[in-house]
Amino acid sequence: MSSSAIRCESLGRRFGRRWVLAHVDLEVARGDSLLLAGSNGSGKTTLLRVLAGLSRPSAGTVRILGRDPHSERLACRRLLSMVSHRSYLYDGLTAFETLRVWARLGGVAYADGELENLLDEVALTPHRDLPVGGFSSGMRKRLTLLRTRIEKPDVIFLDEPLAALDSGGKKLVERWIAREVEHGTTVVVASHAIPRMSRICRRALLLEEGQIAWEGSAADLPSQMEEPA
Amino acid sequence: MRVLGQIATLVRKDLLLEWRGRTRGLSVVLFGIVTLLLFSFAVGPDSAALRAGAAGFLVLALLLSSTLALSEGFRLEHENHALEGLLLAPVEPMALYYGKALSNTLFLILLAPILTPVAVILYAVDAGPATLVQVIGLWALAAAGLSAPGTLFAAMTSRLRSQDVLLPLLLFPLVVPVLLGSVKAIALVLGGDPMGQLSSWTVLLGAFDVIYWTLSGVLFTHVVEEGV
């Protein structure tokens with residue numbers, strides 16, 4: 001088994017003639033946490049999608065715990081989970097049915113009571129039997145986070161986890177991420193909420209126009225870039 | 001066994017969503033009924049001609065309704081990028097395909113008990129309960145033959161703005177054998193089978209179903225993986 005959770009070499013992704021990621025060399029150790037920062041269009045989401053195997057790299061290689069997320073797709077799916085700004089939810093299913101579908105597809109046996117406890121963790125118990133189509137974006141985000149609890153992956157990718165959340169929701173998600181980091185899960189977060197996330201993540205990487213512009217301790221990141229308004 | 005469990009979960013999920021979004025199902029049923037009505041208007045009051053064409057009209061109504069149902073089925077998967085969420089789960093692409101194809105087939109089969117009696121009344125066909133059951137059985141085989149490539153092409157075209165045009169253009173030429181087999185077999189059930197040809201046409205229909213279900217299942221893996 002590889003000692004790195006994530007390793008990519010000379011990674012590049014092109015859309016048409018435009019390279020949105022180029023020459024990205026990255027190594028994240030098991031249990032480490034990495035904050036991806038950068039302005040809009042700097043390539044954060046594309047990098048996460050390539051790492052998660054949702055987008056093929058146009059150049060270079062990616063390994064997640066030593067496995068290629070494309071040629072060893074199924075094996076990698078058991079190792080990683082992604083929470084995106086896309087909710088991946090079916091509006092017609094209730095919160096409880098959604099959890100049950102995720103558990104069954106992931107091949108994990110969960111009793112109804114355990115799923116109810118999970119809903120309770122994100123304060124969604126009163127909305128257990130309501131279709132998620134009527135949920136606010138914050139409620140959707142909280143429900144989506146439960147996917148990582150069900151799948152229990154070794155690596156979690158989070159794309160703008162604090163977007164569209166009120167202050168209570170932000171605190172809940174921050175606690176969530178901090179707990180995953182504490183438990184030794186490898187976490188990669190792409191976010192504009194630099195001060196909040198740099199308190200949770202150990203390392204940081206600043207992307208500019210698809211290339212690594214700076215890499216170092218997350219605590220040093222705020223001084224490297226202007227705070228977003 | 002794990003793949004079978006995943007297929008069952010996906011089918012259950014699709015049928016539940018179908019039930020919750022009943023307006024979509026209702027529009028497909030109404031579209032089928034309107035199609036049958038239009039055929040009867042086009043032929044006119046010649047009851048012999050209507051009876052002779054009943055099997056063809058019925059299968060064409062199924063074919064036209066199926067394109068509507070298939071494209072709508074995948075539209076659901078693109079709301080909130082749900083398909084991408086499924087691709088992130090440890091699910092075999094084969095399970096994704098067979099789950100979707102199976103739920104599409106079941107949905108099309110459910111049209112039979114509604115459209116067949118309508119056709120029997122409209123086209124003045126003399127059909128007892130046993131005949132109706134036989135027609136519904138053949139309809140199920142035809143629905144399976146349409147759903148297998150239909151699900152594949154719906155997946156291929158689901159992200160395109162021109163899906164409504166492309167799906168029938170790709171699907172219709174490929175399903176001609178299913179169309180021929182089912183029209184012939186249903187015509188023999190409705191009009192009598194003095195030469196005992198029904199079993200040959202049914203076997204032909206079944207054989208094409210097996211070919212389509214096997215090939216489309218293999219090809220779907222590539223469609224999904226190239227699509228990301």
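## Chain A and the setting of Leu36(A)

Let's start with charge: chain A carries 32 positive and 28 negative side chains, and the centres of these two sets lie 5 Å apart. Please keep in mind that this is a predicted model. The predictor assigns the complex an ipTM of 0.85 and a pTM of 0.87. For chain B, the average pLDDT is 90, and 98% of the residues score at least 70.

Now to the overall build of chain A. Eight helices and nine strands make up its secondary structure elements. Its radius of gyration is 17 Å, which agrees with the value near 17 Å that a compact globule of 229 residues would have. Some further values for the chain are gathered here.

| Property of chain A | Value |
|---|---|
| Box filled by the C-alpha atoms, along the principal axes | roughly 45 × 40 × 35 Å |
| Buried residues | 55% of the 229 residues |
| Accessible surface | about 9700 Å² |
| Share of that surface from carbon and sulfur atoms | 46% |

Among contacts in chain A with a separation of 6 or more, 66% join residues 24 or more positions apart.

Is Leu36(A) buried or exposed? Its relative accessible area is 0%, so Leu36(A) counts as buried, the cut-off being under 20%. What is Leu36(A) in contact with, leaving aside neighbours within four places in sequence? The partners are Lys44(A), Leu47(A), Leu48(A), Val188(A), Val189(A), Ala190(A), Ser191(A) and Leu205(A).

Definitions and conventions:
Residues numbered from 1 in each chain as written. Chains lettered and ligands numbered in written order. Predicted model: local features only at pLDDT ≥ 70, side-chain atom pairs only at ≥ 80, totals over all residues. Heavy atoms only, no water. pLDDT = per-residue confidence, 0-100. Helix = DSSP H or I, 4+ residues; strand = E, 2+ residues; numbered from the N terminus. Rg over C-alpha atoms; globule rule 2.2 N^0.38 Å. Buried < 20%, exposed > 50% of the residue type's maximum accessible area, 1.4 Å probe, protein only. Contact = heavy atoms within 4.5 Å. Areas by Shrake-Rupley, 256 points an atom, 1.4 Å probe, with all protein chains shown as cover. Lys, Arg positive; Asp, Glu negative; His and termini not counted. Charge placed at Lys NZ, Arg CZ, Asp CG, Glu CD.
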